[in-house]
Amino acid sequence: MEEILAVDWRALGDRSLCDSCLGRLFGKLGHGFTNAERGRRVREMATIADGPCWVCGGLTSRYDDLARLVARKLEPWEFETFRIGSKIDFEMAAREESLWAGLALTGPEPLKAEVNREVGKRVSDLVGKEAALESPDIVAVLDTGFDHVDLQVNPLYLRGRYRKLSRGVPQTRWPCRRCRGKGCARCGGTGKMYPTSVEEVIAAEVMRESGGTGHALHGMGREDVDARMLGRGRPFILEIKEPGKRRIDLDASVRRINESGIVEVDRLAPSTGADVVALKEDRAAKTYRVLLRMASPVDEAKLKGTLPVLVGEPIAQRTPGRVVHRRADTTRARRLLSAEVVGVEGDRAELRVTAEAGTYIKEWVHGDGGRTRPSLAERLGAACEVLELDVLDVHDGG
Ligand SMILES: [Zn+2]
Ligand SMILES: [Zn+2]
């Protein structure tokens, strides 16, 4: 209480303050009090005019009303956690700060922080949900000057692993190249290059249940459109924007996704936006099944002798010719971790190859006109064509 006794109140003059604004001047001193309680104690020690508050103009007495306003706005939405944000009139904040300077205070709390906390407590009681500072489901931004509430409804994140059973399905919606999504003769009015995508199959069920306004699929890397994704599947996080409902029957959604015959998921489990960042940073090695064809019958002994030499040898890959029109032409260094022959029949060979994240496998096989070196074709001295490519495993440690 020494800090309170040491204040020279002459800078306040005859301006009056409410209990909350008075207590908040010492808001960082002593715990277990509300600012209003603290203000009443200060008033016992100093002579401070009572009357319309010079700082807040009565805002601190309206927390119950403001909380009811927020609660009404939240009513249509399903959520577990929320946070209150607020906009405080600029002049109100300026008056408060001039007082801090005039009274040479060391531990005042800003009005905005009090509004967020006090309204938050009341909303929590009204709606029976918890206030949370970290990644809440909904942020209610209260404009105290206009008694207006804006809601920021945070996405619903669900994680799982997907298997893609069909070729010719991109991971995410691929807009038509000609019309860029508007719909034209080329795409039959769909606006898309392919009828569906892994994202659309998975999201459709969850969108219907959650009533979201949009979706995104974040994958731990992506396979080519014509490659299947098999084995344990590829880790992904589905993001549903502005979901009205968050508690949905995930098992039922999984069952219906798996009836598509195109995509299967192992499960859908709650996730967070922070998990998306981690997923995108992952540098997981992948194992592939490669079916290739050569110009003449495969020399199995030569193939089996060549693969071990190529494993571990640095591969310099320039951006493949098939994607260089949309990506920077750079050279990346990658390695194979293992490569073995599964079978040979005539001019065909099936390989199982494990490579570092970001290795272009097709290009490693055929050499991409010399853009990838060394390549299997270069070492065998014979042209190789990839007939089928499947991802068999994503080694993410999960
Ligand atoms: Zn006040
Ligand atoms: Zn089109």
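Student: How do helix α7 and helix α8 pack, at what angle?
Tutor: This is a predicted model. In it, α7 (residues 198-210) and α8 (residues 250-258) pack at about 140 degrees. Their axes are 9 Å apart.

Student: Is the crossing right-handed or left-handed?
Tutor: Right-handed, as α7 passes α8.

Student: Which residues make the contact?
Tutor: From α7, Val201, Ile202, Glu205, Val206 and Glu209. From α8, Ser253, Arg256 and Ile257.

Student: Why would residues three or four places apart point the same way?
Tutor: An α-helix has 3.6 residues a turn, so residues with that spacing face the same way.

Student: What else does Ile202 touch?
Tutor: Leaving out residues up to four places away in sequence, its contacts are Tyr162, Leu217, Leu238, Ile257, Val263 and Val265. Ile202 is also in the largest nonpolar core, which has 48 residues. It is one of those touching the most other members, along with residues including Leu238 and Val353.

Student: Where does that core lie?
Tutor: Between domain 2 (156-281) and domain 3 (285-395), because both give residues to it. Another core, of 29 residues, lies apart from it; Val55 and Leu111 are among its members.

Student: New topic. Is Ala339 buried or exposed?
Tutor: Buried: 22 other C-beta atoms lie within 10 Å, and the cut-off is 20 or more. Ala339 sits in strand β13 (residues 336-345).

Student: How far is Ala339 from Leu310?
Tutor: They are 29 residues apart in sequence, but 8.4 Å apart in space, C-alpha to C-alpha. Ala339 touches Leu310, and its other contacts include Leu307 and Val353.

Methods:
Residues are numbered from 1 along each chain as its sequence is written. Chains are lettered from A and ligands numbered from 1 in the order in which they are written. This is a predicted model: local features need pLDDT of at least 70, side-chain atom pairs count only at pLDDT 80 or more; totals for chains, interfaces and linings use all residues. A nonpolar core is a set of buried Ala, Val, Leu, Ile, Met, Phe, Trp, Tyr and Cys residues joined through C-beta atoms within 7 Å. A residue is buried if 20 or more other C-beta atoms lie within 10 Å of its own, exposed if 12 or fewer, and partly exposed in between; C-beta atoms are placed from the backbone. Domain bounds come from an automatic or database domain assignment. Two residues are in contact if their C-beta atoms, placed from the backbone, lie within 7 Å. Axes are lines fitted to C-alpha atoms, for helices over the stretch in contact, and angles run from 0 to 180 degrees between N-to-C directions. Helices (H or I, at least four residues) and strands (E, at least two) are DSSP runs, numbered from the N terminus. A crossing is left-handed if the near helix is turned anticlockwise from the far one by less than a right angle, and right-handed if clockwise.
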